[in-house]
Amino acid sequence: MADETYDYDVLVIGSGPGGYVAAIRAAQLGLRTACAESRETLGGTCLNVGCIPSKALLHASEIFEEASSGHLAKFGIEIQGATLNLDQMHAEKAKAVKELTGGIEFLFKKNKVTWLKGRAAFKDAHSVEVAGQTVTAKNIVIATGSSVTPLPGVEIDQQVVVDSTGALALPKVPEHLVVIGGGVIGLELGSVWRRLGARVTVVEYLDQILPGFDGEVRKESAKLFKKQGMELKTGTKVTGVTVEGARASVSVEPAAGGAAETLDADAVLVAIGRKPNLDGLNLAAIGLEPNARGQIATDHSFRTAVDGVWAIGDCIPGLMLAHKAEDEGVAVAENIAGQTGIVNEDVIPSVVYTMPEIAGVGMTEEAAREKGDVKVGKFPMVANSRAKTNRDTDGFVKVIADAKSDRVLGVWIVASLAGTMIAEAAIAMEFGATSEDIAYTCHAHPTHAEAMKEAAMAVTGKPIHV
Ligand code: FAD
Ligand code: NAI
(Lines give C-alpha, C1' and ligand atoms only; values in the text may rest on other atoms or scores of the structure.)
(Ligands and ions follow the chains in the order given, each with its own letter.)
Protein backbone atom coordinates (compact mmCIF):
# COMPACT_ATOMS: atom_id res chain seq x y z
CA MET A 1 0.00 0.00 0.00
CA ALA A 2 2.87 2.39 0.83
CA ASP A 3 3.34 4.70 -2.15
CA GLU A 4 6.64 6.59 -1.94
CA THR A 5 5.32 9.19 -4.41
CA TYR A 6 3.69 10.85 -1.41
CA ASP A 7 5.01 11.95 1.99
CA TYR A 8 2.22 10.00 3.69
CA ASP A 9 -0.37 7.36 2.84
CA VAL A 10 -2.93 9.24 4.94
CA LEU A 11 -3.11 12.85 6.05
CA VAL A 12 -5.95 13.69 8.41
CA ILE A 13 -6.96 17.34 8.81
CA GLY A 14 -8.20 17.91 12.37
CA SER A 15 -7.50 15.95 15.55
CA GLY A 16 -10.97 15.80 17.12
CA PRO A 17 -12.59 12.45 17.96
CA GLY A 18 -13.04 11.84 14.22
CA GLY A 19 -9.55 12.85 13.13
CA TYR A 20 -7.41 11.43 15.92
CA VAL A 21 -9.20 8.09 15.81
CA ALA A 22 -8.87 7.93 12.00
CA ALA A 23 -5.15 8.71 12.30
CA ILE A 24 -4.51 6.09 14.98
CA ARG A 25 -6.51 3.39 13.17
CA ALA A 26 -4.72 4.18 9.86
CA ALA A 27 -1.35 3.86 11.60
CA GLN A 28 -2.44 0.61 13.26
CA LEU A 29 -3.23 -0.69 9.78
CA GLY A 30 0.33 0.01 8.68
CA LEU A 31 -0.27 3.26 6.80
CA ARG A 32 2.20 6.15 7.10
CA THR A 33 -0.01 8.74 8.77
CA ALA A 34 0.06 12.43 9.68
CA CYS A 35 -2.55 14.61 11.34
CA ALA A 36 -2.69 18.39 10.94
CA GLU A 37 -4.07 20.29 13.93
CA SER A 38 -3.97 24.03 14.47
CA ARG A 39 -4.92 24.03 18.16
CA GLU A 40 -2.22 23.99 20.84
CA THR A 41 -3.42 20.60 22.00
CA LEU A 42 -4.90 17.53 20.31
CA GLY A 43 -8.44 16.23 20.79
CA GLY A 44 -10.53 18.83 18.95
CA THR A 45 -13.68 20.44 20.26
CA CYS A 46 -14.64 17.40 22.30
CA LEU A 47 -11.60 17.15 24.53
CA ASN A 48 -10.67 20.83 24.69
CA VAL A 49 -13.92 22.78 24.81
CA GLY A 50 -16.76 20.27 24.47
CA CYS A 51 -17.64 16.87 25.90
CA ILE A 52 -14.85 16.67 28.46
CA PRO A 53 -14.86 20.09 30.18
CA SER A 54 -18.67 20.18 30.10
CA LYS A 55 -18.94 16.78 31.76
CA ALA A 56 -16.33 17.81 34.34
CA LEU A 57 -18.45 20.84 35.27
CA LEU A 58 -21.70 18.87 35.17
CA HIS A 59 -20.24 16.35 37.61
CA ALA A 60 -18.71 18.97 39.91
CA SER A 61 -21.83 21.15 39.94
CA GLU A 62 -23.98 18.12 40.71
CA ILE A 63 -21.88 17.27 43.75
CA PHE A 64 -21.98 20.91 44.82
CA GLU A 65 -25.76 21.02 44.59
CA GLU A 66 -26.06 17.80 46.57
CA ALA A 67 -23.73 19.08 49.25
CA SER A 68 -25.13 22.58 49.51
CA SER A 69 -28.85 22.18 48.97
CA GLY A 70 -29.67 19.96 51.90
CA HIS A 71 -30.77 17.18 49.52
CA LEU A 72 -28.52 14.73 51.31
CA ALA A 73 -30.19 15.29 54.68
CA LYS A 74 -32.82 12.68 53.86
CA PHE A 75 -30.01 10.11 53.71
CA GLY A 76 -28.87 11.26 57.14
CA ILE A 77 -25.98 13.27 55.76
CA GLU A 78 -26.05 16.77 57.13
CA ILE A 79 -23.65 19.25 55.62
CA GLN A 80 -23.59 22.79 56.82
CA GLY A 81 -21.85 25.66 55.14
CA ALA A 82 -20.73 24.00 51.89
CA THR A 83 -19.17 26.75 49.83
CA LEU A 84 -18.13 27.04 46.22
CA ASN A 85 -14.52 27.53 45.16
CA LEU A 86 -15.15 28.12 41.46
CA ASP A 87 -11.46 28.59 40.63
CA GLN A 88 -10.72 25.14 42.04
CA MET A 89 -13.65 23.66 40.09
CA HIS A 90 -12.25 25.16 36.88
CA ALA A 91 -8.74 23.94 37.79
CA GLU A 92 -9.92 20.36 38.25
CA LYS A 93 -11.76 20.55 34.92
CA ALA A 94 -8.60 21.87 33.24
CA LYS A 95 -6.62 18.99 34.75
CA ALA A 96 -9.00 16.41 33.25
CA VAL A 97 -8.74 18.15 29.86
CA LYS A 98 -4.94 18.25 30.06
CA GLU A 99 -4.67 14.59 31.00
CA LEU A 100 -6.89 13.56 28.10
CA THR A 101 -5.40 15.83 25.41
CA GLY A 102 -1.92 14.75 26.57
CA GLY A 103 -3.16 11.17 26.28
CA ILE A 104 -3.85 11.67 22.56
CA GLU A 105 -0.36 13.09 22.08
CA PHE A 106 1.01 9.96 23.78
CA LEU A 107 -1.11 7.72 21.52
CA PHE A 108 0.13 9.58 18.43
CA LYS A 109 3.74 8.95 19.48
CA LYS A 110 3.02 5.32 20.36
CA ASN A 111 1.39 4.71 16.96
CA LYS A 112 3.90 6.83 15.03
CA VAL A 113 1.36 9.37 13.82
CA THR A 114 3.09 12.66 12.91
CA TRP A 115 1.40 15.77 14.29
CA LEU A 116 1.71 18.60 11.74
CA LYS A 117 1.19 21.71 13.86
CA GLY A 118 -0.77 24.37 12.01
CA ARG A 119 -3.78 25.07 9.81
CA ALA A 120 -4.02 22.99 6.67
CA ALA A 121 -5.25 24.34 3.33
CA PHE A 122 -5.59 22.31 0.14
CA LYS A 123 -3.26 22.96 -2.78
CA ASP A 124 -4.61 20.03 -4.78
CA ALA A 125 -6.32 16.72 -4.00
CA HIS A 126 -3.06 15.18 -2.76
CA SER A 127 -1.31 18.11 -1.15
CA VAL A 128 -1.96 20.64 1.57
CA GLU A 129 -0.02 23.52 2.97
CA VAL A 130 0.57 23.44 6.74
CA ALA A 131 2.66 26.09 8.50
CA GLY A 132 4.29 27.19 5.25
CA GLN A 133 5.21 23.64 4.17
CA THR A 134 3.67 21.55 1.45
CA VAL A 135 2.82 18.03 2.54
CA THR A 136 1.59 15.34 0.16
CA ALA A 137 -0.54 12.30 0.83
CA LYS A 138 -2.24 9.62 -1.20
CA ASN A 139 -5.41 10.02 0.90
CA ILE A 140 -6.59 13.12 2.72
CA VAL A 141 -9.32 12.93 5.37
CA ILE A 142 -11.19 16.13 6.20
CA ALA A 143 -12.11 15.99 9.92
CA THR A 144 -12.26 19.70 10.66
CA GLY A 145 -15.31 19.52 12.94
CA SER A 146 -17.66 22.38 13.69
CA SER A 147 -18.02 25.62 15.58
CA VAL A 148 -20.86 27.62 17.03
CA THR A 149 -23.52 28.99 14.68
CA PRO A 150 -23.59 32.75 15.11
CA LEU A 151 -26.88 34.52 15.81
CA PRO A 152 -27.14 37.42 13.37
CA GLY A 153 -26.83 40.75 15.14
CA VAL A 154 -25.57 39.21 18.40
CA GLU A 155 -21.87 39.62 19.00
CA ILE A 156 -20.10 37.05 21.14
CA ASP A 157 -17.58 38.91 23.32
CA GLN A 158 -16.84 35.92 25.63
CA GLN A 159 -17.35 38.28 28.59
CA VAL A 160 -21.08 38.96 28.83
CA VAL A 161 -22.27 37.25 25.65
CA VAL A 162 -20.60 33.87 25.42
CA ASP A 163 -20.69 30.72 23.33
CA SER A 164 -20.20 27.27 24.88
CA THR A 165 -16.44 27.84 25.19
CA GLY A 166 -17.00 31.02 27.19
CA ALA A 167 -19.75 29.38 29.25
CA LEU A 168 -17.31 26.65 30.29
CA ALA A 169 -14.97 29.25 31.75
CA LEU A 170 -17.14 31.94 33.40
CA PRO A 171 -14.99 33.40 36.19
CA LYS A 172 -17.98 33.90 38.49
CA VAL A 173 -21.46 32.50 38.86
CA PRO A 174 -23.84 34.78 36.95
CA GLU A 175 -26.79 36.20 38.79
CA HIS A 176 -29.04 35.71 35.75
CA LEU A 177 -27.93 33.62 32.76
CA VAL A 178 -30.07 33.83 29.65
CA VAL A 179 -29.50 30.87 27.35
CA ILE A 180 -30.50 31.30 23.71
CA GLY A 181 -31.35 27.81 22.41
CA GLY A 182 -33.02 24.97 24.32
CA GLY A 183 -30.86 22.26 22.77
CA VAL A 184 -28.21 20.03 24.27
CA ILE A 185 -25.63 22.72 25.04
CA GLY A 186 -28.15 25.15 26.49
CA LEU A 187 -29.63 22.56 28.83
CA GLU A 188 -26.33 21.03 29.94
CA LEU A 189 -24.52 24.32 30.57
CA GLY A 190 -27.70 25.97 31.85
CA SER A 191 -27.90 23.13 34.40
CA VAL A 192 -24.28 23.68 35.45
CA TRP A 193 -24.78 27.36 36.27
CA ARG A 194 -28.21 26.86 37.84
CA ARG A 195 -26.72 24.26 40.20
CA LEU A 196 -23.96 26.68 41.10
CA GLY A 197 -26.50 29.37 42.02
CA ALA A 198 -27.50 31.29 38.88
CA ARG A 199 -31.05 32.04 37.86
CA VAL A 200 -31.34 30.52 34.39
CA THR A 201 -33.79 31.41 31.62
CA VAL A 202 -33.72 29.35 28.43
CA VAL A 203 -35.20 31.01 25.33
CA GLU A 204 -36.17 28.46 22.67
CA TYR A 205 -37.60 29.38 19.29
CA LEU A 206 -39.57 26.15 18.85
CA ASP A 207 -42.58 25.11 20.93
CA GLN A 208 -40.51 22.53 22.76
CA ILE A 209 -36.93 22.05 23.90
CA LEU A 210 -34.60 19.32 22.54
CA PRO A 211 -35.48 19.05 18.84
CA GLY A 212 -34.80 15.62 17.38
CA PHE A 213 -35.72 13.84 20.62
CA ASP A 214 -38.88 11.79 21.15
CA GLY A 215 -41.95 13.95 21.83
CA GLU A 216 -42.79 12.46 25.23
CA VAL A 217 -39.16 12.75 26.28
CA ARG A 218 -39.15 16.42 25.29
CA LYS A 219 -42.27 17.06 27.40
CA GLU A 220 -41.03 15.13 30.43
CA SER A 221 -37.62 16.82 30.28
CA ALA A 222 -39.18 20.28 30.15
CA LYS A 223 -41.29 19.41 33.20
CA LEU A 224 -38.22 18.26 35.12
CA PHE A 225 -36.06 21.26 34.17
CA LYS A 226 -38.86 23.57 35.33
CA LYS A 227 -39.16 21.62 38.58
CA GLN A 228 -35.44 22.19 39.09
CA GLY A 229 -35.98 25.93 38.78
CA MET A 230 -35.00 26.61 35.20
CA GLU A 231 -37.27 29.02 33.39
CA LEU A 232 -38.14 27.81 29.89
CA LYS A 233 -39.45 30.34 27.40
CA THR A 234 -40.41 28.14 24.45
CA GLY A 235 -42.00 29.46 21.27
CA THR A 236 -39.99 32.62 21.83
CA LYS A 237 -37.54 34.41 19.57
CA VAL A 238 -34.69 36.71 20.44
CA THR A 239 -34.85 39.93 18.48
CA GLY A 240 -31.68 41.52 19.82
CA VAL A 241 -29.10 41.65 22.57
CA THR A 242 -27.52 44.87 23.77
CA VAL A 243 -24.62 45.00 26.17
CA GLU A 244 -23.84 47.85 28.51
CA GLY A 245 -20.87 47.32 30.76
CA ALA A 246 -21.32 44.03 32.56
CA ARG A 247 -25.03 43.70 31.77
CA ALA A 248 -27.04 42.60 28.78
CA SER A 249 -30.61 43.24 27.71
CA VAL A 250 -32.11 40.43 25.69
CA SER A 251 -35.18 41.42 23.69
CA VAL A 252 -37.58 38.55 23.11
CA GLU A 253 -41.04 38.13 21.68
CA PRO A 254 -43.36 35.20 20.99
CA ALA A 255 -42.25 33.40 17.80
CA ALA A 256 -45.85 33.57 16.58
CA GLY A 257 -45.94 37.33 17.19
CA GLY A 258 -47.11 39.24 20.25
CA ALA A 259 -45.89 41.47 23.03
CA ALA A 260 -42.13 41.94 23.27
CA GLU A 261 -40.28 41.78 26.58
CA THR A 262 -36.75 42.48 27.76
CA LEU A 263 -34.72 40.11 29.90
CA ASP A 264 -32.00 41.67 32.00
CA ALA A 265 -28.97 39.40 32.40
CA ASP A 266 -25.33 39.45 33.40
CA ALA A 267 -24.49 36.54 31.09
CA VAL A 268 -25.97 35.37 27.79
CA LEU A 269 -25.12 32.00 26.25
CA VAL A 270 -25.68 31.62 22.52
CA ALA A 271 -26.26 27.91 21.80
CA ILE A 272 -28.35 27.67 18.66
CA GLY A 273 -26.45 24.88 16.91
CA ARG A 274 -23.11 24.31 15.24
CA LYS A 275 -21.83 24.58 11.68
CA PRO A 276 -19.01 22.76 9.84
CA ASN A 277 -15.51 24.30 9.87
CA LEU A 278 -14.63 24.63 6.21
CA ASP A 279 -13.38 28.23 6.03
CA GLY A 280 -9.75 28.52 5.03
CA LEU A 281 -9.50 24.90 3.83
CA ASN A 282 -9.40 26.12 0.22
CA LEU A 283 -11.83 23.49 -1.00
CA ALA A 284 -12.00 25.46 -4.27
CA ALA A 285 -8.49 24.19 -5.07
CA ILE A 286 -9.88 20.65 -5.33
CA GLY A 287 -13.26 21.61 -6.80
CA LEU A 288 -15.22 20.38 -3.76
CA GLU A 289 -18.46 22.27 -3.11
CA PRO A 290 -20.14 22.06 0.31
CA ASN A 291 -23.86 21.19 0.26
CA ALA A 292 -26.64 23.72 0.99
CA ARG A 293 -26.12 23.21 4.75
CA GLY A 294 -22.40 23.91 4.47
CA GLN A 295 -21.46 20.23 4.98
CA ILE A 296 -19.30 17.94 2.88
CA ALA A 297 -21.35 15.17 1.29
CA THR A 298 -19.85 11.67 1.29
CA ASP A 299 -20.93 8.17 0.31
CA HIS A 300 -21.25 5.35 2.87
CA SER A 301 -17.49 4.78 2.73
CA PHE A 302 -16.86 8.47 3.59
CA ARG A 303 -15.48 9.22 0.10
CA THR A 304 -16.16 12.74 -1.12
CA ALA A 305 -16.78 13.63 -4.77
CA VAL A 306 -13.02 14.12 -5.17
CA ASP A 307 -10.88 11.01 -5.61
CA GLY A 308 -8.49 10.49 -2.68
CA VAL A 309 -10.34 12.96 -0.42
CA TRP A 310 -12.51 11.62 2.40
CA ALA A 311 -14.54 13.34 5.15
CA ILE A 312 -15.91 12.38 8.59
CA GLY A 313 -17.37 13.81 11.80
CA ASP A 314 -19.19 17.08 12.41
CA CYS A 315 -18.31 18.46 8.96
CA ILE A 316 -20.43 15.85 7.15
CA PRO A 317 -24.22 15.29 7.42
CA GLY A 318 -25.62 13.42 10.42
CA LEU A 319 -25.60 13.81 14.18
CA MET A 320 -22.86 16.05 15.55
CA LEU A 321 -21.60 13.66 18.21
CA ALA A 322 -18.16 12.57 19.31
CA HIS A 323 -18.88 8.82 19.22
CA LYS A 324 -20.32 9.11 15.71
CA ALA A 325 -17.14 10.93 14.62
CA GLU A 326 -14.98 8.26 16.29
CA ASP A 327 -16.78 5.38 14.59
CA GLU A 328 -16.47 7.17 11.27
CA GLY A 329 -12.76 7.64 12.00
CA VAL A 330 -12.26 3.89 12.37
CA ALA A 331 -14.38 3.16 9.28
CA VAL A 332 -12.66 5.67 7.00
CA ALA A 333 -9.21 4.34 7.92
CA GLU A 334 -10.34 0.78 7.26
CA ASN A 335 -11.82 1.80 3.90
CA ILE A 336 -8.61 3.58 2.94
CA ALA A 337 -6.69 0.41 3.85
CA GLY A 338 -8.91 -1.59 1.52
CA GLN A 339 -11.07 -3.11 4.25
CA THR A 340 -14.81 -2.57 4.72
CA GLY A 341 -15.52 0.11 7.29
CA ILE A 342 -19.20 0.68 8.01
CA VAL A 343 -21.09 2.93 10.44
CA ASN A 344 -24.76 2.19 11.08
CA GLU A 345 -26.03 5.77 11.17
CA ASP A 346 -29.47 4.51 12.29
CA VAL A 347 -28.12 3.28 15.61
CA ILE A 348 -26.22 6.17 17.14
CA PRO A 349 -27.19 6.96 20.73
CA SER A 350 -27.70 10.57 21.87
CA VAL A 351 -27.29 11.52 25.51
CA VAL A 352 -27.94 14.77 27.37
CA TYR A 353 -25.88 14.66 30.57
CA THR A 354 -28.25 16.54 32.84
CA MET A 355 -29.84 15.05 35.97
CA PRO A 356 -31.74 12.97 35.16
CA GLU A 357 -29.90 12.09 31.96
CA ILE A 358 -31.89 12.00 28.74
CA ALA A 359 -30.98 9.43 26.10
CA GLY A 360 -32.29 7.89 22.93
CA VAL A 361 -31.32 5.65 20.06
CA GLY A 362 -33.12 4.93 16.81
CA MET A 363 -36.47 6.37 15.82
CA THR A 364 -38.69 8.63 17.88
CA GLU A 365 -42.23 7.36 18.38
CA GLU A 366 -43.47 10.07 15.97
CA ALA A 367 -41.03 9.02 13.21
CA ALA A 368 -41.75 5.32 13.75
CA ARG A 369 -45.53 5.87 13.53
CA GLU A 370 -45.08 7.73 10.27
CA LYS A 371 -43.35 4.67 8.81
CA GLY A 372 -45.88 2.04 9.93
CA ASP A 373 -47.65 0.31 12.82
CA VAL A 374 -45.76 0.23 16.09
CA LYS A 375 -46.19 -1.08 19.62
CA VAL A 376 -44.85 0.99 22.49
CA GLY A 377 -43.90 -0.17 25.98
CA LYS A 378 -43.20 2.25 28.81
CA PHE A 379 -41.97 1.74 32.33
CA PRO A 380 -41.70 4.51 34.95
CA MET A 381 -38.50 4.78 36.97
CA VAL A 382 -40.66 5.28 40.08
CA ALA A 383 -41.52 1.56 39.85
CA ASN A 384 -37.84 0.51 39.58
CA SER A 385 -36.52 -0.75 42.91
CA ARG A 386 -32.97 0.58 42.55
CA ALA A 387 -34.23 4.03 41.59
CA LYS A 388 -36.40 3.85 44.72
CA THR A 389 -33.46 2.96 46.99
CA ASN A 390 -31.38 5.74 45.44
CA ARG A 391 -34.29 8.22 45.57
CA ASP A 392 -33.81 9.08 41.88
CA THR A 393 -37.18 8.07 40.51
CA ASP A 394 -37.68 10.75 37.84
CA GLY A 395 -38.24 9.55 34.29
CA PHE A 396 -39.14 6.45 32.31
CA VAL A 397 -37.94 3.98 29.70
CA LYS A 398 -39.82 3.65 26.44
CA VAL A 399 -39.30 0.89 23.88
CA ILE A 400 -40.77 1.28 20.39
CA ALA A 401 -41.13 -1.89 18.32
CA ASP A 402 -42.50 -2.75 14.91
CA ALA A 403 -46.06 -4.03 15.39
CA LYS A 404 -45.60 -7.04 13.11
CA SER A 405 -42.00 -8.14 13.47
CA ASP A 406 -41.54 -6.86 17.08
CA ARG A 407 -38.11 -5.58 16.02
CA VAL A 408 -36.97 -2.69 18.24
CA LEU A 409 -37.04 0.59 16.29
CA GLY A 410 -36.15 3.03 19.04
CA VAL A 411 -35.53 3.35 22.78
CA TRP A 412 -35.87 6.55 24.80
CA ILE A 413 -34.90 7.02 28.41
CA VAL A 414 -35.17 9.74 31.02
CA ALA A 415 -33.35 8.42 34.10
CA SER A 416 -30.38 9.24 36.29
CA LEU A 417 -28.30 6.60 34.46
CA ALA A 418 -29.89 6.93 30.99
CA GLY A 419 -26.52 7.52 29.31
CA THR A 420 -25.23 4.18 30.52
CA MET A 421 -28.53 2.32 30.05
CA ILE A 422 -28.85 3.35 26.39
CA ALA A 423 -25.82 1.22 25.45
CA GLU A 424 -27.90 -1.91 25.99
CA ALA A 425 -30.55 -0.61 23.61
CA ALA A 426 -27.93 0.26 20.98
CA ILE A 427 -26.40 -3.20 21.07
CA ALA A 428 -29.83 -4.85 20.97
CA MET A 429 -30.79 -2.79 17.92
CA GLU A 430 -27.45 -3.43 16.23
CA PHE A 431 -28.17 -7.15 16.56
CA GLY A 432 -31.71 -6.70 15.23
CA ALA A 433 -33.32 -7.61 18.58
CA THR A 434 -37.07 -7.83 19.15
CA SER A 435 -38.65 -6.39 22.28
CA GLU A 436 -39.15 -10.00 23.37
CA ASP A 437 -35.36 -10.59 23.15
CA ILE A 438 -34.82 -7.78 25.66
CA ALA A 439 -37.76 -8.86 27.83
CA TYR A 440 -36.43 -12.41 28.12
CA THR A 441 -32.83 -11.40 28.81
CA CYS A 442 -31.99 -11.72 32.50
CA HIS A 443 -31.14 -8.30 33.99
CA ALA A 444 -29.36 -8.04 37.35
CA HIS A 445 -31.44 -6.98 40.34
CA PRO A 446 -31.60 -4.36 41.69
CA THR A 447 -30.43 -2.16 38.79
CA HIS A 448 -31.85 0.75 36.84
CA ALA A 449 -31.38 -1.46 33.75
CA GLU A 450 -34.30 -3.62 34.88
CA ALA A 451 -36.52 -0.73 33.75
CA MET A 452 -35.40 -1.50 30.18
CA LYS A 453 -36.48 -5.12 30.56
CA GLU A 454 -39.84 -4.06 32.00
CA ALA A 455 -40.42 -1.48 29.23
CA ALA A 456 -39.68 -4.23 26.70
CA MET A 457 -42.15 -6.49 28.54
CA ALA A 458 -44.69 -3.66 28.35
CA VAL A 459 -44.50 -3.70 24.54
CA THR A 460 -46.62 -6.83 24.61
CA GLY A 461 -48.51 -5.66 27.69
CA LYS A 462 -47.01 -7.75 30.46
CA PRO A 463 -44.65 -5.85 32.76
CA ILE A 464 -44.44 -7.31 36.27
CA HIS A 465 -43.96 -4.27 38.46
CA VAL A 466 -46.69 -1.87 37.30
P1 FAD B 1 -13.82 18.50 16.27
O2 FAD B 1 -13.80 17.84 17.59
O3 FAD B 1 -14.52 19.81 16.15
O4 FAD B 1 -12.30 18.66 15.85
C5 FAD B 1 -11.90 19.29 14.68
C6 FAD B 1 -10.50 19.80 14.87
O7 FAD B 1 -10.03 20.22 13.60
C8 FAD B 1 -10.38 21.01 15.77
O9 FAD B 1 -9.46 20.76 16.80
C10 FAD B 1 -9.89 22.13 14.86
O11 FAD B 1 -8.95 22.98 15.51
C12 FAD B 1 -9.21 21.35 13.77
N13 FAD B 1 -9.18 22.05 12.48
C14 FAD B 1 -10.21 22.63 11.82
N15 FAD B 1 -9.80 23.13 10.64
C16 FAD B 1 -8.49 22.85 10.55
C17 FAD B 1 -7.51 23.09 9.56
N18 FAD B 1 -7.81 23.70 8.41
N19 FAD B 1 -6.24 22.67 9.80
C20 FAD B 1 -5.91 22.03 10.95
N21 FAD B 1 -6.81 21.77 11.91
C22 FAD B 1 -8.07 22.16 11.71
N23 FAD B 1 -20.56 15.14 21.74
C24 FAD B 1 -20.80 13.99 22.40
O25 FAD B 1 -20.89 12.93 21.76
N26 FAD B 1 -20.93 13.97 23.76
C27 FAD B 1 -20.86 15.08 24.50
O28 FAD B 1 -20.98 15.02 25.72
C29 FAD B 1 -20.63 16.31 23.84
N30 FAD B 1 -20.54 17.46 24.54
C31 FAD B 1 -20.28 18.64 23.87
C32 FAD B 1 -20.23 19.81 24.62
C33 FAD B 1 -19.97 21.01 23.98
C34 FAD B 1 -19.91 22.27 24.80
C35 FAD B 1 -19.75 21.04 22.57
C36 FAD B 1 -19.44 22.33 21.88
C37 FAD B 1 -19.82 19.88 21.83
C38 FAD B 1 -20.10 18.67 22.48
N39 FAD B 1 -20.20 17.47 21.78
C40 FAD B 1 -20.47 16.30 22.43
C41 FAD B 1 -20.01 17.42 20.31
C42 FAD B 1 -18.60 16.93 19.99
O43 FAD B 1 -17.67 17.78 20.58
C44 FAD B 1 -18.39 16.89 18.48
O45 FAD B 1 -19.40 16.11 17.87
C46 FAD B 1 -17.05 16.27 18.15
O47 FAD B 1 -16.00 17.00 18.74
C48 FAD B 1 -16.85 16.23 16.63
O49 FAD B 1 -15.61 15.68 16.34
P50 FAD B 1 -14.81 16.04 15.01
O51 FAD B 1 -13.59 15.20 15.04
O52 FAD B 1 -15.71 15.94 13.85
O53 FAD B 1 -14.43 17.57 15.13
P1 NAI C 1 -28.90 22.04 19.18
O2 NAI C 1 -29.19 21.90 17.76
O3 NAI C 1 -28.92 20.86 20.08
O4 NAI C 1 -29.93 23.08 19.83
C5 NAI C 1 -30.07 24.39 19.36
C6 NAI C 1 -31.42 24.90 19.80
O7 NAI C 1 -31.48 26.28 19.51
C8 NAI C 1 -32.58 24.22 19.08
O9 NAI C 1 -33.52 23.82 20.04
C10 NAI C 1 -33.09 25.31 18.16
O11 NAI C 1 -34.48 25.20 17.92
C12 NAI C 1 -32.76 26.55 18.97
N13 NAI C 1 -32.63 27.78 18.18
C14 NAI C 1 -32.09 27.93 16.96
N15 NAI C 1 -32.12 29.23 16.60
C16 NAI C 1 -32.67 29.90 17.64
C17 NAI C 1 -32.96 31.27 17.89
N18 NAI C 1 -32.66 32.21 16.99
N19 NAI C 1 -33.54 31.60 19.06
C20 NAI C 1 -33.85 30.64 19.98
N21 NAI C 1 -33.59 29.34 19.79
C22 NAI C 1 -33.01 28.98 18.65
O23 NAI C 1 -27.51 22.81 19.25
P24 NAI C 1 -26.52 23.13 20.45
O25 NAI C 1 -27.21 22.97 21.76
O26 NAI C 1 -25.89 24.42 20.11
O27 NAI C 1 -25.46 21.97 20.32
C28 NAI C 1 -24.75 21.79 19.09
C29 NAI C 1 -24.40 20.36 18.90
O30 NAI C 1 -23.41 19.96 19.82
C31 NAI C 1 -25.58 19.45 19.13
O32 NAI C 1 -26.19 19.17 17.89
C33 NAI C 1 -25.00 18.23 19.70
O34 NAI C 1 -24.89 17.27 18.69
C35 NAI C 1 -23.62 18.62 20.18
N36 NAI C 1 -23.57 18.46 21.63
C37 NAI C 1 -23.75 17.23 22.16
C38 NAI C 1 -23.76 17.04 23.50
C39 NAI C 1 -24.02 15.69 24.03
O40 NAI C 1 -23.94 14.73 23.26
N41 NAI C 1 -24.30 15.52 25.31
C42 NAI C 1 -23.54 18.13 24.43
C43 NAI C 1 -23.39 19.41 23.77
C44 NAI C 1 -23.38 19.53 22.43
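Where is Phe302 found? In this predicted model, Phe302 is found in the loop between strand S16 (274–276) and strand S17 (309–311). Its backbone deserves a look: phi is positive there, about 75°, although Phe302 is not a glycine. As for the side of the surface question, Phe302 counts as buried, because its relative accessibility is 3% and the cut-off for buried is under 20%.

Lys112 has a positive phi too, about 60°, and again this is not a glycine. You'll find Lys112 in the loop between helix H4 (86–111) and strand S3 (114–117). Is Lys112 buried or exposed? Lys112 is exposed, since its relative accessible area of 67% goes with a cut-off of over 50%.

Going from Met355 to Pro356, the peptide bond is cis, with omega at about -5°. Pro356 sits in the loop between strand S18 (350–352) and strand S19 (357–362). The other cis bond to look at runs from His445 to Pro446, where omega is near -5°. Pro446 has its place in the loop between helix H12 (435–439) and helix H13 (450–459).

Here are the backbone angles side by side:

| Site | Feature | Angle |
|---|---|---|
| Lys112 | positive phi | about 60° |
| Phe302 | positive phi | about 75° |
| Met355 to Pro356 | cis peptide bond | omega about -5° |
| His445 to Pro446 | cis peptide bond | omega near -5° |

Terms used
Residues are numbered from 1 along each chain as its sequence is written. Chains are lettered from A and ligands numbered from 1 in the order in which they are written. This is a predicted model: local features need pLDDT of at least 70, side-chain atom pairs count only at pLDDT 80 or more; totals for chains, interfaces and linings use all residues. Side-chain values use heavy atoms; hydrogens and water are left out. Helices (H or I, at least four residues) and strands (E, at least two) are DSSP runs, numbered from the N terminus. Buried means under 20% relative accessible area, exposed over 50%, partly exposed in between (1.4 Å probe, protein chains only).
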